[in-house]
Amino acid sequence: MKSSASTAPLLQVPDSFEQEFPDASALATESFINIGVLAGAVQGLVEKLVAREGLPSAAAFNVLSVLAGDPAPLRPSVIADRMMVTRATTTGLLDTLEGGGFVLRTRAATDGRSREVSLTRKGREVVDRLVPAMHRFERHLMGSLTDRQLHQLLRMVAVLQARVASIDPDVRFGIRA
């Protein structure tokens with residue numbers, strides 16, 4: 001169960017784990033726990049990065065990124081669909097972003113009952129700084145692996161994603177706020 005000191009995961013299960021839990025796999029549990037620990041740490045670093053720009057969350061940054069990726073203002077429902085979150089989640093994010101001066105909601109030109117969302121100058125400036133910073137962070141983090149290892153990792157992630165989908169076909173992959 002124990003790995004070498006230089007590549008040992010942060011959390012390890014005891015050697016007696018499978019005796020205590022006969023239906024378990026020590027290797028599966030140790031892998032599962034350490035993936036969760038890693039995901040949490042990466043999420044925490046991303047949240048710090050976006051907080052430095054005055055954003056409340058990574059989900060808020062994703063709203064700005066979606067808006068920056070389209071030349072025209074977008075309806076909230078389009079933003080929700082692209083982020084794979086509920087419309088209610090999007091509404092809350094937009095309320096916060098509008099209050100912070102990052103986005104502007106206006107009546108749609110074609111339908112006065114609906115709203116369209118666009119970036120403000122402040123929102124555009126944040127996206128223009130944060131997108132490159134995020135890509136530098138990704139490259140720095142993932143640069144600890146070789147290209148071969150990254151390809152292997154992507155294949156393993158795809159296998160796990162397929163297994164999750166087979167366990168629950170209604171699972172939603174994507175950003176959740």
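Modeller: The structure holds 5 salt bridges (a side-chain nitrogen of Lys or Arg within 4 Å of a carboxyl oxygen of Asp or Glu). The model is predicted, so local features need pLDDT of at least 70 and side-chain atom pairs pLDDT 80 or more, while totals for chains, interfaces and linings use all residues. Residues are numbered from 1 along each chain as its sequence is written, and side-chain values use heavy atoms, leaving out hydrogens and water.

One of the salt bridges joins Glu 53 and Arg 129, with 2.7 Å between the closest N and O atoms. Glu 53 sits in the loop between H2 and helix H3 (58-68) and Arg 129 in helix H6, so this pair ties together parts that are 76 residues apart in sequence (helices are DSSP runs of H or I, at least four residues, numbered from the N terminus). Glu 53 has 21% relative accessibility and therefore counts as partly exposed (buried is under 20%, exposed over 50%, partly exposed in between, with a 1.4 Å probe and protein chains only). Arg 129, at 42%, also counts as partly exposed.

Because Glu 125 and Arg 121 are 4 residues apart in helix H6, about one helical turn separates them. Glu 125 is partly exposed at 33% relative accessibility, whereas Arg 121 is exposed, with a relative accessible area of 67%.

Elsewhere, Asp 95, Glu 98 and Arg 105 are linked in a network of salt bridges. Within it, Glu 98 pairs with Arg 105, the closest N and O atoms being 3.0 Å apart.

Helix H6 (121-142) and helix H7 (147-167) each give two or more residues to the patch, and H7 supplies the largest share, 3 residues. Leu 145 lies in the loop between H6 and H7 and, at 30% relative accessibility, counts as partly exposed.
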